[in-house]
Amino acid sequence: MRSRYFINAFLAIGVSGVVFLFLDKLPYFRYLFLIDSLPQLSYSDFIFVMEKYYCLEVIVDIIFTELLFYSISVFGIILIYSRYIEKLGPVIITKLGKKRFLLFLAKKTLALLFSVLTVFMILTLVIESNYFSFISILSFFIRFFIITSSMTVFMMTMIMQRNVLYSLLMSILVYAFLNLSIFVYFNLVVSQTVLSSILFLLMIIAINLGFVKILRDYFGIHEII
Amino acid sequence: MNTIIEINDVCKKFKDHEVLKNVNLKIPRNQITGFIGRNGSGKTVLLKIIAGLLKPSLGNVVIDGETIGIDTDFPKNVGILFEYDFLPNLTAHENLRIIANIDKELDDYDLFKALETVGLRTESKKRYRHFSTGMKQKLRIAQAIMGNPQLLILDEPFNGLDVESVKQVRELLLSLKQAGKTIVLTSHYKEDIDFLCNQVFLIKDGEISMNNGDVNLEKPH
């Protein structure tokens, strides 16, 4: 089993590296994330940025970048889902009980996603260790955290409540609450962050609705919760 | 009769289809109880309801004085066997290890003992995806009995097993009964049921009745 851990770690480093290099080549990627998280940016800087970058290309970049983050979190959640619900689910749930089973799933999902993220961060710092890189990683971390949390809440409520509307509402609430907290904490003005958030929110709803079908295919799993 | 499981007025509906109709039953402790019936008769559904994996549409199941779904989510100290899969890339031992890690009560000795009991000791390092149907079923049995549970809920435990393995598993179940375990199982094969069970129930069209021996479901092994 230990050798498999090494293989998994190697794969995680490889995938994270490719993702990072890919993102790094996107035209406005870094600067957009600088706006998202850097509290020192003045309002005039922001206006300047807006004038310079407020265009279709920026919006496409935002969608693309966040879609990529979202894909990573979805991949992680499907992995956990297939492993601990579809296959070993009935056995594990009878041992843990419903509540502890959900906590177990949430813990596994977050641990997996954040271990990938940690590898990503370390790798980035090794490739390019400067302040700018650090800030972009911080932004990435924040974004990833918001998306992952929202996605995890969607999956958990979908499994627990079996109600699409309720699950969507919960995931949107978590997404909105975390975004708002970030705005307040970093004292951000109404910015492209809001624009990207709204666009991404629409995407979350669309993709989550797609997931509903997959979740419904596992009717037996729904029944156990 | 010392009852361990009480099934009270249990009905189960899937949309408009009523799979179980007003089932009332008492299952005694330290005995083997069997359910027979044709495919789709509701055997597995009943076992899943007993295991807490399905909620009854009406009625309840009480195990050891605790109502499933109210006092407890699932019965305590239970080993289950349903048609689920293990992780294909892991070996038999690694798969059992993952499950054992949840309780943190079983060590490697216990796992290898369970594998040995079902005749998979020498295959413990083999990946699950390379297992035959019979070996997969044996691994499920090993998983169900590891940890020495007092109650075993086994859905079609003989499925996919060859003649020799069927004999082994029968002997195993009888020895578990001698050791004081309660076993509830289903089977298509009347021979298995007759050989093992202290009491047999027939499920037909969602209704349950004591089997009077005139049922011929499948050819024996």
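Contact is taken here to mean heavy atoms within 4.5 Å. On this criterion, among contacts in chain A of the predicted model between residues at least 6 apart in sequence, 80% join residues at least 24 apart. Chain A contains 10 helices and zero strands, and its order along the sequence is accordingly written α-α-α-α-α-α-α-α-α-α. Of its 225 residues, 49% are buried.

Within chain A, helix H5 spans residues 89-96, and seven of these eight residues are buried, so the helix is largely enclosed by the rest of the structure. The buried positions are A:Gly89, A:Pro90, A:Val91, A:Ile92, A:Ile93, A:Thr94 and A:Leu96. The residue that follows H5(A), A:Gly97, has a positive phi, near 85 degrees.

A corresponding description applies to helix H1 of chain B. This helix comprises residues 43-51, of which seven of nine are buried, so it is largely enclosed by the rest of the structure. The buried set consists of B:Lys43, B:Val45, B:Leu46, B:Leu47, B:Ile49, B:Ile50 and B:Ala51. Just after H1(B), a positive phi of about 85 degrees is adopted by B:Gly52.

In soluble globular proteins, nonpolar side chains tend to be buried together. In the present model, the largest nonpolar core holds 90 residues, and the members that touch the most others are B:Ile5 and B:Ile7. Beyond residues up to four places away in sequence, B:Ile5 touches B:Leu25, B:Lys26, B:Ile27, B:Ile50, B:Val61, B:Val62, B:Ile63, B:Leu151 and B:Val184. Another core, of five residues, lies apart from the largest one and includes A:Ile142, A:Ile146, A:Val174 and A:Leu178.

One of the residues touched by B:Ile5 is B:Val61, which is located in strand S4 (residues 58-63) of chain B. The relative accessible area of B:Val61 is 2%, and because buried means under 20%, B:Val61 is classed as buried. When neighbours within four places in sequence are set aside, the contacts of B:Val61 are B:Ile5, B:Glu6, B:Ile7, B:Val10, B:Ile49, B:Ile50, B:Glu66, B:Thr67 and B:Ile68. The C-alpha atoms of B:Val61 and B:Glu191 are 28 Å apart in space, with a separation of 130 residues in sequence.

The two chains meet through 24 residues of chain B and 21 residues of chain A. The area buried between them is about 2,200 Å², and carbon and sulfur atoms give 68% of this area. On the chain B side, the most area is lost to chain A by B:Leu53, B:Phe74 and B:Ile102, which together account for 25% of what that side buries. Between chain B and chain A, the count of salt bridges is zero.

Strand S1 (3-14) and helix H2 (92-103) of chain B each supply at least two residues of the side that touches chain A. The largest share of that side, six residues, is provided by H2(B). By residue class, the side of chain B that touches chain A is made up of 14 nonpolar, three polar and seven charged residues.

Methods: Residues numbered from 1 in each chain as written. Chains lettered and ligands numbered in written order. Predicted model: local features only at pLDDT ≥ 70, side-chain atom pairs only at ≥ 80, totals over all residues. Heavy atoms only, no water. Core = buried A, V, L, I, M, F, W, Y, C linked by side-chain atoms within 4.5 Å. Buried < 20%, exposed > 50% of the residue type's maximum accessible area, 1.4 Å probe, protein only. Buried area = accessible area lost by both parts, 1.4 Å probe. Salt bridge = Lys/Arg side-chain N within 4 Å of Asp/Glu carboxyl O. Helix = DSSP H or I, 4+ residues; strand = E, 2+ residues; numbered from the N terminus. Nonpolar A, V, L, I, M, F, W, Y, C, P; charged D, E, K, R; others polar.
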